[in-house]
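Reader: Hi! I'm new to this one, could you walk me through it?

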Amino acid sequence: MGNCGLDNFIKEEKLQSIFNQVFDRQTIEAVHELANKGYIDYLEHIISTGKEAHVYKAVDKAGNPRAVKIYKIETSNFKNMRAYIEGDLRFKNVSSDRRSVVYQWTRKEYKNLEKFTEANVRVPIPFAFHKNVLVMEFIGNEQAASTLKDSPFQNIQKLYKIVVGELAKMVYKAKLVHADLSEYNMLNHNGELVIIDCGQAVLLSHPNAKLFFERDIRNMCNYFRKMGLQKTPEEMKDDIKALKSSV
């Protein structure tokens, strides 16, 4: 099978070299499994790189832009992942094997994106996953949208209302806590807020859900304070509760 047909699958020689260095054969075969089903035609370029995952801009068989998130098996912090998977009623008997945990995490992110989408929380729409590879909506124009950290909203009061509304839908409709909310995990796409990196999101029944929710609120209040809007965690929680009956 050689290089699994990567010559035609990855357009740039440099990208192909990086791909081969970072990912093992099983991951490459997982990507090809999704390609065989039409979810990916080819990878265009890297959107972001991290210790645990790389995200690529791709094109599907119908010509639509897609984001492909590939979790790295060897460098992912699977012990940290287990802390968010264990206690989630959707994922029982969590394995201690690194590869199995990463596969579960990928499935968890897909399921979280599904629940958020059903609740009208603005996240990338998930399309498919296989093993440690997740295919989802590409957020951006030609290039990927920037994070809120790099591309803040001009109207901070408007942004606050949007964030409060999204948090209300998360908690009261999706019944999930994001658990890692910050300006680094939100995109500004032409003035539209899109929340990303949802793998760690937990059900409200999770033993640490309240702790994670409090942390999300603190993170956002810290961000708004830096942007000139003074809101206490208590005020933000009250504003979220006020929307309970309307989401």
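Author: Happy to; we can go through a pocket, some strands, a helix and some charged pairs.

Reader: Great. What should I know before we start?

Author: This is a predicted model, where local features need pLDDT of at least 70 and side-chain atom pairs count only at pLDDT 80 or more, while totals for chains, interfaces and linings use all residues. Residues are numbered from 1 along each chain as its sequence is written, and side-chain values use heavy atoms, with hydrogens and water left out.

Reader: Thanks! What volume does the largest pocket have?

Author: About 820 Å³. A pocket here is an open set of points on a 1 Å grid over the protein atoms alone, where a 1.4 Å probe fits, with protein on both sides within 12 Å along at least five of seven lines. The volume is the space filled by probe spheres set on the points, which are joined across faces, edges and corners.

Reader: And which residues lie nearest its centre?

Author: Ser48, Val55, Lys69, Ile196 and Asp197 do, out of 37 lining residues; to count as lining, a residue has an atom within 4 Å of a point. The elements giving two or more residues to that lining are S1, S2, strand S3 (65–71), H4, H5, S5 and strand S6 (146–147). Those labels are DSSP runs numbered from the N terminus: helices (H or I) have at least four residues and strands (E) at least two.

Reader: How do S1 and S2 pair, parallel or antiparallel?

Author: Antiparallel, over six bridges, with S1 covering residues 42–49 and S2 residues 53–59. Strands count as paired if DSSP finds at least two bridges between them. The two form a hairpin with three residues between them, and Ile46 has Tyr56 as its bridge partner in S2.

Reader: Which strands form the open sheet?

Author: Three of them, in the order S6-S8-S9, with antiparallel pairing. S6 and strand S9 (192–195) are the edge strands, each pairing on one side only. Between S6 and S8 there are two bridges, and Thr147 stands opposite Leu187 in S8.

Reader: Switching to helices: what span should H7 have?

Author: Helix H7 (residues 209–226) has 18 residues and should span 26 Å, which agrees with its end C-alpha atoms being 26 Å apart. The expected span is 1.5 Å times one less than the number of residues. After H7 comes Gly228, whose phi is positive, near 100 degrees.

Reader: Which residues of H7 are buried?

Author: Among them are Phe212, Phe213, Ile217, Met220 and Phe224. Buried means under 20% relative accessible area, exposed over 50%, and partly exposed in between, using a 1.4 Å probe and protein chains only. The buried residues of H7 pack against several elements, including helix H6 (156–174) and helix H8 (233–241), where contact means heavy atoms within 4.5 Å.

Reader: Last topic: how many salt bridges are there?

Author: The count comes to 17, taking a side-chain nitrogen of Lys or Arg within 4 Å of a carboxyl oxygen of Asp or Glu. One of them joins Arg66 and Asp60 at 3.4 Å, N to O, and both of these residues are buried. Lys69 also takes part in a network of salt bridges with Glu109 and Asp197.

Reader: And what does Arg122 form a salt bridge with?

Author: Glu137, with the closest N and O atoms 2.9 Å apart. Arg122 sits in the loop between helix H5 (98–118) and strand S4 (126–130) and Glu137 in strand S5 (residues 133–137), so the pair ties together parts that are 15 residues apart in sequence. Arg122 is partly exposed at 21% relative accessibility, whereas Glu137 is buried at 17%.
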